[in-house]
Amino acid sequence: MEVFDYKGICLKRDKRAIYLDPSSGRPDGAVSHAHSDHLKPKTHMTEPTKEVMIARTGSKEATTHKFHEKFKINDFELEFVSAGHVVGSAMIDCEGVLYTGDYNPYGTVTAGIAKPQDCDTLIVESTYGKPDQVLPDRNEVLSDLQAWIMATSAKEGAIIGAYSLGKAQEVIATANLGGVTPVVSDVVASVSDIYKRNGVKLEYNTYSELTENEQKTAELLVTSTTAANGKKQDEAVQNMRKKGAKTARVSGWCAFSEWALRSVDAGFPISDHSDFSGTMKFVEECNPKQVYTVHGSTKELAKQIQKQLGIDAQPLPKYGQTSIEKYN
Ligand SMILES: [Zn+2]
């Protein structure tokens with residue numbers, strides 16, 4: 001089987017091909033999860049990924065499969081296995097080739113964990129692919145976040161900005177563990193409802209459904225990063241700000257980039273991606289013969305895998321357009 005970058009991640013054997021996280025919707029494509037840079041309609045996906053797609057785009061066109069259910073596209077046998085990134089996120093296993101998509105080998109509170117598995121060829125994401133991109137212990141940062149939520153929400157109030165798919169639900173679960181039920185924006189609520197339908201326990205109230213008095217007395221608001229910190233602050237953020245609420249950002253970039261800490265009172269470096277150490281360990285435990293890196297610091301990560309693990313590694317190569325066209 002050949003693997004290369006063409007209209008997505010293309011797997012080709014003889015005259016047949018399939019596309020993982022394809023660049024456009026197509027029935028011979030499979031998507032890893034519902035973040036917009038990966039999601040395309042008319043492809044194969046998990047049921048929760050389809051639910052997020054419907055909520056966010058209105059499109060219902062997809063063929064769904066359960067985790068660990070084997071299915072075929074163009075005679076290739078595939079299987080979705082948990083990626084531990086966001087609800088429904090999957091690594092895609094195809095006959096000895098494992099594509100991680102966005103994945104988290106440390107595990108999440110609300111979206112499971114990515115476990116290494118034996119493969120011949122590993123296609124691994126390299127968002128944090130540089131050797132210095134090592135995140136602090138996830139559980140310790142979650143404890144810090146919980147302590148901050150409990151202390152701040154009871155006093156001046158707290159606004160937390162986080163990605164509405166994935167991070168916001170980790171924040172809600174963390175608040176719940178500290179005995180706090182947050183108020184959330186409509187966008188965060190629509191995604192969190194999908195988590196609940198898929199068996200994740202989350203307690204929250206939707207701001208727009210509260211009475212005026214309840215809105216005024218809200219102690220913790222979980223909203224999107226843009227609403228919390230951007231110029232377009234909505235009514236919920238403005239109300240909280242008026243009474244002096246503190247603001248926090250929850251993002252892996254809080255550990256590496258100054259911009260992530262700008263205009264917030266606190267930053268918590270929690271990521272739904274792997275960091276450099278997690279990726280090196282994951283690659284080693286999958287024990288592949290060949291590694292291809294995609295997304296982010298592809299060259300740096302490939303170099304380190306080659307150097308530290310002695311495994312053949314390179315950024316996923318592009319394929320000449322003219323050669324592939326005759327196969328499709
Ligand atoms: Zn993602």
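Predicted model: local features only at pLDDT ≥ 70, side-chain atom pairs only at ≥ 80, totals over all residues.
Student: Let's start with Ser32. Where is Ser32 found?

Tutor: Ser32 is in the loop that runs between β4 (29–30) and β5 (43–46).

Student: Is Ser32 buried or exposed?

Tutor: The general idea is to check relative accessible area, where buried means under 20%. Ser32 comes out at 0%, so Ser32 counts as buried.

Student: And which residues does Ser32 touch, leaving out those up to four places away in sequence?

Tutor: Asp21, His38, Gly88, Ser89, Ala90, Ile92, Tyr99 and Gly101. There's also a side-chain polar contact between Ser32 and His33, at 2.9 Å.

Student: Okay, helices next. How do the axes of α2 and α3 cross?

Tutor: For a helix pair, look at axis distance, angle and handedness. Here α2 (residues 138–154) and α3 (residues 167–177) have axes that come within 9 Å and cross at roughly 65°. The crossing is right-handed.

Student: Which residues meet there?

Tutor: From α2, you've got Arg138, Leu142, Leu145, Gln146 and Ile149; from α3, Glu170, Val171, Thr174, Ala175 and Leu177. Sorted by class, that contact has six nonpolar, two polar and two charged residues.

Student: Last one: which strands pair with β15, and in what sense?

Tutor: For strands, go through the bridges. β12 (residues 158–161) pairs with β15 in the parallel sense over four bridges, with Ala158 partnered by Leu220. β13 (residues 183–184) also pairs with β15 in the parallel sense, over two bridges, and there Val184 has Val222 as its partner.

Student: What about the faces of β15?

Tutor: Both are covered in β15 (residues 220–223): Leu220 and Val222 are buried on one side, Leu221 and Thr223 on the other.

How values were computed
Residues numbered from 1 in each chain as written. Heavy atoms only, no water. Buried < 20%, exposed > 50% of the residue type's maximum accessible area, 1.4 Å probe, protein only. Polar contact = N/O pair within 3.5 Å; in protein donor to acceptor, adjacent residues only side chain to side chain. Contact = heavy atoms within 4.5 Å. Axes fitted to C-alpha atoms, helices over the stretch in contact; angles between N-to-C directions. Left-handed = near helix turned anticlockwise from the far one by under 90°. Nonpolar A, V, L, I, M, F, W, Y, C, P; charged D, E, K, R; others polar. Pairing = 2+ DSSP bridges.
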